[in-house]
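Reader: I'm new to this one. Can you walk me through it?

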Amino acid sequence: PLPPRQDELKRAVTVNIDSPVQCLDQLFAQAAGMDLILRSKVQEWAARSGGCFRIRDDSMPNPQFFKWREIRHDPHLRYNVKYGKIKNIDRAIEKLLRSYGGDVSLLLDVCRQSIVFEEIQEMAR
């Protein structure tokens, strides 16, 4: 499936930054919408910097990485990008209790993605 257009992403999620999230359900509902926006952003950053994404390929013994410039024009590669997942709810609860005293508003890494670079200089682009 193709990622949503920018205008669709902007309408998908509205967040009031003046009101901290206090409920884990609310945080994960927002994370589901933000995950799409974050994927779009990392694709944009990878395109500008020459960054790579891991491709799922069970036939290969070692992980395969391709630059976003190659992936975006190949439907098979696009479908098989191995994106990061939203944090597991059990792990989120564990972290909330152990590190944040139950304050849901401090849990900031529910959505996460990775871009892989062949050379460290690419990160500065």
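Reader: Where does Arg 54 sit?
Author: Arg 54 lies in strand β1, residues 52–55. Strands (E, at least two residues) and helices (H or I, at least four) are DSSP runs, numbered from the N terminus.

Reader: What kind of model is this?
Author: This is a predicted model, where local features need pLDDT of at least 70, side-chain atom pairs count only at pLDDT 80 or more, and totals for chains, interfaces and linings use all residues. Residues are numbered from 1 along each chain as its sequence is written, and side-chain values use heavy atoms, with hydrogens and water left out.

Reader: How exposed is Arg 54?
Author: Arg 54 is partly exposed, at 38% relative accessible area. Buried means under 20%, exposed over 50%, and partly exposed in between (1.4 Å probe, protein chains only).

Reader: And Glu 70, where is that?
Author: Glu 70 is in helix α3, residues 68–71. Glu 70 counts as partly exposed because its relative accessibility is 43%. From Gly 50, Glu 70 is 20 residues away in sequence and 9.9 Å away in space, C-alpha to C-alpha.

Reader: How many helices and strands overall?
Author: The protein has 5 helices and 2 strands. From the N terminus, the order is α-α-β-β-α-α-α.

Reader: What share of the residues is buried?
Author: Buried residues are 31% of the 125.

Reader: Which residues form the largest nonpolar core?
Author: That core has 11 residues, including Leu 24, Phe 28, Leu 96 and Cys 111. Such a core joins buried Ala, Val, Leu, Ile, Met, Phe, Trp, Tyr and Cys through side-chain atoms within 4.5 Å. Helices α2 (24–49) and α5 (89–99) each give two or more residues to this core. The largest share, 4 residues, comes from α2.
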